[in-house]
Amino acid sequence: MLKQGIDVQKISAVAKTVARQPRFVETILTPAERAVFAQRKGKHQIEFLAGRFSAKEAYSKALGTGMSQGLTWQDLEILPGSKGEPVFTKYPQSSFLTAHISISHSDDLVHSAVILESKNTMKTVQENQPVSRRRPAWLEISASALTHNIHYVRALTGTQRVCAVVKANAYGHGLAEVVPVALEAGADCFAVATIDEGIWLRDFGVTVPIFILGITPAIYTPDLAHYDLIPAVSEVNWLKAARQYLPKTEQLQLALAIDTGMGRIGFREPTALAEAIRLIDKTEGLELKSIWTHFATADGPNEAYFEKQLKQWHALTDDLPIADNVWRHVSNSGTSLWHQQPHPDMIRLGAAMYGFDPSQASLPARDLQPVLSLRAELVYVKQVTAGSSISYGATYKAKEDEWIGTLPLGYADGYRRALQGMEVLLPDGTRAPIVGRIAMDQCMVRLPGPLPEGTVVTLLGAVGDQRITLEELAEKAGTIPYEIATGMGQRLMRKVVG
Ligand SMILES: *Cc1c(COP(=O)(O)O)cnc(C)c1O
């Protein structure tokens with residue numbers, strides 16, 4: 001997001017104020033600025049002061065604050081850089097902002113311009129939510145499994161490009177963990193759901209194309225262009241608005257979404273679609289990057305609906321007047337794994353990259369490897385006597401004298417309350433049940449004996465040849481693996497393993 005503020009001051013007026021108010025200099029300048037001020041002589045001294053005064057005005061206009069509302073004179077400091085250029089060295093009220101500042105003098109006027117760029121906003125938010133690194137509960141992201149899955153689906157489909165879908169914190173696996181591994185495995189581009197996720201990727205250093213699969217409000221067109229993100233377009237009106245908002249010097253790449261039966265976003269009518277293409281063609285700065293659709297049933301046995309959508313896709317797009325280099329992409333994991341590819345340009349790979357079966361085993365198995373594991377150490381082990389109850393609601397009563405272990409994670413970490421009664425894997429691969437209600441941050445497991453505190457328990461993932469899958473957790477919780485994966489808590493520590 002770019003914001004700007006400009007300001008003009010009369011140097012003679014500032015000189016009069018200094019003469020009238022002896023403490024003016026001390027009030028508005030920081031100690032470091034006062035040192036610079038003291039070194040300047042005559043006219044240059046007043047120019048420095050007037051520049052600083054004017055820059056502060058421009059800065060608060062850009063921020064949208066006044067002097068008393070959250071900004072004080074001492075909150076910014078502008079010192080000459082090595083070439084004499086003004087350098088912002090301090091702006092604690094808005095540490096996520098990068099400020100570009102210019103100050104110029106002519107005759108009796110000083111003119112300041114401040115451009116504020118919101119950067120790393122999402123990182124700031126993430127950093128503000130503590131990751132619980134000192135708690136022995138963590139997610140493991142298998143780099144070899146993710147790499148295998150990308151290579152495997154690429155070979156299976158013969159696709160030219162793999163677009164790694166990393167929306168929702170990489171399906172809960174962790175953006176910062178997944179993105180480097182996916183790039184290393186040859187992902188050609190990324191897809192996210194929101195513009196903020198796209199900006200996060202750019203700030204993280206991603207340079208390959210980034211598609212936004214959801215709708216971005218057109219007012220953020222300057223950000224889309226600035227961060228080189230490719231929005232999904234569903235409406236002519238959106239294009240008209242984006243044209244208004246697009247800065248003259250910027251380019252914006254677009255992906256036209258086509259609704260062939262998903263009923264979510266995308267053009268449904270050939271006339272609107274044709275108008276959109278005409279508008280893009282005649283607008284300098286707009287460029288069509290891709291055209292795409294999404295299937296509602298590609299991961300289910302309902303072939304008829306898939307065929308109907310595919311037919312509609314061809315009817316709407318086959319004869320469009322668009323260049324050959326516009327990518328056509330229609331395949332999610334389901335379409336990639338179980339259907340002939342309608343286009344070789346690109347597939348959008350989510351579930352299959354993370355190694356889970358989007359079809360819930362209703363379609364033939366594929367050679368995918370699960371990427372995610374959830375493990376924790378026993379932090380407290382005790383023996384309870386027969387008849388003792390465990391956890392909220394006293395829903396579990398020990399039938400005999402039993403060993404009970406406490407795990408330091410709960411439903412706030414994504415180990416959902418509905419998983420009461422689910423089993424976990426012990427280090428020897430045997431299973432042990434979660435007993436009693438799962439609490440927000442803790443849950444209990446019935447142990448076969450007095451296992452030592454610090455013993456690693458696997459709630460999701462493999463121990464030897466035993467495994468608990470996302471599919472199993474989803475079945476137990478009455479949902480789909482996508483929801484279990486994306487529900488993994490932000491505070492869980494994530495580790496990339498081999
Ligand atoms: C989420 C999403 C995908 C990825 O779907 P998977 O089933 O996880 O492969 C692909 N395309 C669109 C439009 C999506 O929203």
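This is a predicted model: local features need pLDDT of at least 70, side-chain atom pairs count only at pLDDT 80 or more; totals for chains, interfaces and linings use all residues.
Me: What does Ala242 touch, apart from residues up to four places away in sequence?

Reply: Ala242 touches Ala218 and Thr221. For a sense of distance, take Leu79, which is 163 residues from Ala242 along the chain; the C-alpha atoms of the two are separated by 38 Å.

Me: How do I read a whole helix, and which residues of H11 are buried?

Reply: Begin with the general idea. An α-helix has 3.6 residues a turn, so residues three or four places apart point the same way. In H11, the buried residues are Val236, Trp238, Leu239 and Ala242. Viewed down the axis of H11, these buried residues fall within an arc of 155 degrees, so they line one face of the helix.

Me: Which exposed residues does the face of H11 turned away from its buried side carry?

Reply: That face carries Asn237 and Gln244, both exposed.

Me: How many residues of helix H9 are buried?

Reply: Helix H9 (residues 195-204) is mostly covered, with 8 of its 10 residues buried. Among them are Ile195, Trp200 and Leu201, and also Glu197, Arg202 and Asp203. Just after H9 comes Gly205, whose phi is positive, about 110 degrees.

Me: Which residues other than glycine have a positive phi?

Reply: Ser391 has a positive phi near 70 degrees, and Ala394 has one of about 45 degrees. Ser391 sits in the loop between strand E17 (389-390) and strand E18 (396-397), and Ala394 is found in the loop between E17 and E18 as well. Ser391 counts as partly exposed, at 25% relative accessibility. Ala394 is also partly exposed, with a relative accessible area of 39%.

Me: How do I read a record's annotation, and which residues does "binding site" cover?

Reply: Take what the record says, then look at the coordinates. In the unreviewed UniProt entry, the annotation "binding site" covers Asp7 and Glu57. The two span 51 residues in sequence, yet no two of their C-alpha atoms are more than 6.2 Å apart, so they gather at one spot.

Me: Where does each of them lie?

Reply: Asp7 is in strand E1 (residues 2-10), and Glu57 is in helix H4 (residues 42-63). Asp7 is buried at a relative accessible area of 7%, whereas Glu57 is partly exposed at 22%.

Me: What is around them, leaving aside neighbours within four places in sequence?

Reply: Asp7 touches several residues, including Glu57, Lys61 and His111. The side chains of Asp7 and Lys61 are joined by a polar contact of 3.1 Å. Glu57 is in contact with Asp7, Gln9 and Trp73.

Me: Where is Thr30 found, and is it buried or exposed?

Reply: Thr30 is in the loop between helix H2 (24-28) and helix H3 (31-39). Thr30 is buried, with a relative accessible area of 1%. Its side chain makes a polar contact of 2.6 Å with the side chain of Glu77. Not counting residues up to four places away in sequence, Thr30 touches Arg52, Gln74, Leu76 and Glu77.

Me: Which residues does UniProt list for "domain: Alanine racemase C-terminal"?

Reply: The unreviewed entry lists residues 371-497 under that name. Over this range the chain is 11% helix and 39% strand, and the end C-alpha atoms are 10 Å apart.

Conventions
Residues are numbered from 1 along each chain as its sequence is written. Side-chain values use heavy atoms; hydrogens and water are left out. UniProt positions are given in the numbering used here, feature names are shortened, and annotations may be inferred rather than shown by experiment. Helices (H or I, at least four residues) and strands (E, at least two) are DSSP runs, numbered from the N terminus. Buried means under 20% relative accessible area, exposed over 50%, partly exposed in between (1.4 Å probe, protein chains only). Contact means heavy atoms within 4.5 Å. A polar contact is a pair of N or O atoms within 3.5 Å; within protein, one must be able to donate a hydrogen and the other to accept it, and residues adjacent in sequence count only if both atoms are side-chain atoms. The arc is that of the directions from the helix axis to the C-beta atoms.
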